[in-house]
Number of protein chains: 2
Amino acid sequence: MANTEQLIMQRLGETGIRYSAGRKALIRALSKADGPRSAAELYEDLGRTIPLSSLYRSLAILDKTEVLSPHHGVKGVTRYELAEWLTGHHHHLVCISCGTVDDITPPPDLEADLESVVKSLTSSGRFFPRGHALEIEGICSECA
Amino acid sequence: MANTEQLIMQRLGETGIRYSAGRKALIRALSKADGPRSAAELYEDLGRTIPLSSLYRSLAILDKTEVLSPHHGVKGVTRYELAEWLTGHHHHLVCISCGTVDDITPPPDLEADLESVVKSLTSSGRFFPRGHALEIEGICSECA
DNA sequence: TTCCTTGCAAACGATTTGCATTGGA
DNA sequence: TCCAATGCAAATCGTTTGCAAGGAA
């Protein structure tokens, strides 16, 4: 999706945030990944060319501007992925052994079921839903 | 549930783990809570009578024996709740602002839908599911 | 006596921040 | 020029661990 970067540049331009070379590399690494990535993982993905502190800062900024969304997984590490308005809605397979997260896309009719589940669960009026996440926890093929 | 403690004592007894006064207090605090609690929150709940290190150790042991199950939420903190074989299956409302987590129990027919979603998503054979978690993310009434 | 548990302090790992420097519009 | 971005090091925060003392079986 060459278009994804266009959308990101546009979003960032609106708020005076620069789409620097480092951030471009970060975004491309995330685009290639098949699931959310932590700062440490991105550090390796990028050949340790960008210091961790810069990665953390960029991740925080891109999170705040909703270009990325965080995923809080096993072992207290935060992983980030492109926000759903860029990638489309999806869910996660989470390995409870190594913490790896893979994306999965549910068939549309099943997703409709999920939506109705969410709606019926939040009809109390005491909670204002922004989204939902179906996390399927188990053991990945690497750890099995 | 006076019966819950019986079940826990029995489970611990099988593995030479003691149900000490501190752990009893911890379990009772979790029983009263309406959602998963972090070590720091339990520390406060218990009037700071049990040091954090003891709480962390007990939480780790009770996790390993599957009396508790962990929830990895906002801000990289781990919260624990009684395992589902003690409390029944349920899901979570997660406040993306303050990190608070509340339990919700889905109507049985909707839960059946969820089960079928999970089954259809994991039919690839490359992932071995242990459970699922539907996290509904949004803003709680406190933060709204 | 034999282990498990507890407390305190030190150690750790992930993440954040202060500060001086660099770089782009 | 002006402000955002970067790099390094130090600081924070949640969590873990070493070790010696306390307690239950």
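In which loop is A:Arg48 found? A:Arg48 is found in the loop between α3 (39–45) and α4 of chain A, where helices (H or I, at least four residues) and strands (E, at least two) are DSSP runs, numbered from the N terminus. The model is predicted, and local features need pLDDT of at least 70, side-chain atom pairs count only at pLDDT 80 or more, and totals for chains, interfaces and linings use all residues. Residues are numbered from 1 along each chain as its sequence is written, chains are lettered from A and ligands numbered from 1 in the order in which they are written, and side-chain values use heavy atoms, with hydrogens and water left out.

The phi of A:Arg48 is near 60°, a positive value in a residue other than glycine. Most residues other than glycine have a negative phi. A:Arg48 counts as exposed because its relative accessibility is 55%; buried means under 20% relative accessible area, exposed over 50%, and partly exposed in between (1.4 Å probe, protein chains only). In chain B, B:Glu66 also lies in a loop, that between α4 and β2 (68–72). B:Glu66 is not a glycine, yet its phi is positive at about 65°.

Three strands of chain A form an open, antiparallel sheet in the order β1-β3-β2, two strands being paired if DSSP finds at least two bridges between them. β1 and β2 of chain A are the edge strands, each pairing on one side only. Strand β1 (residues 37–38) of chain A is joined to β3(A) by two bridges, and A:Ser38 stands opposite A:Arg79. Strand β2 (residues 68–72) of chain A is joined to β3(A) by five bridges. On this side, A:Leu68 stands opposite A:Leu82, and A:His71 has A:Arg79 as its bridge partner. The hairpin of β2(A) and β3(A) has five residues between the strands, and A:Lys75 there takes a positive phi near 70°. Four of the five residues of β3(A) (residues 78–82) are buried, so the strand is largely enclosed by the rest of the structure.

A further antiparallel pair in chain A consists of strand β4 (residues 91–95) and strand β5 (residues 101–104), joined by four bridges. A:Val94 has A:Val101 in β5(A) as its bridge partner. This hairpin has five residues between its strands, and A:Gly99 in the turn has a positive phi of about 90°.

Of the atoms of DNA strand C within 4 Å of the protein, 55% belong to sugar or phosphate and the rest to bases. Polar contacts are pairs of N or O atoms within 3.5 Å. In one, a base nitrogen of DNA strand C is 2.8 Å from an N or O atom in the side chain of A:Arg18. Phosphate oxygens of DNA strand C lie 2.8 Å from a polar backbone atom of A:Thr78 and 3.1 Å from an N or O atom in the side chain of B:Ser54. The elements giving two or more residues to this surface are α4 (52–64) of chain A and α4 (52–64) of chain B, and α4(B) has the largest share, five residues.

DNA strand D is likewise surrounded by 18 residues, the closest being A:Arg23, A:Pro51, A:Arg57, B:Tyr56 and B:Arg57. Of its atoms within 4 Å of the protein, 58% belong to sugar or phosphate and the rest to bases. A phosphate oxygen of DNA strand D is 2.3 Å from an N or O atom in the side chain of A:Arg23, and a phosphate oxygen is 2.9 Å from a polar backbone atom of B:Thr78. A base nitrogen of DNA strand D is 3.4 Å from an N or O atom in the side chain of A:Ser53. For DNA strand D, the largest share of the nearby surface, five residues, comes from α4(A).

Methods
A residue is near a molecule or strand if one of its heavy atoms lies within 4 Å of it. A polar contact is a pair of N or O atoms within 3.5 Å; within protein, one must be able to donate a hydrogen and the other to accept it, and residues adjacent in sequence count only if both atoms are side-chain atoms.
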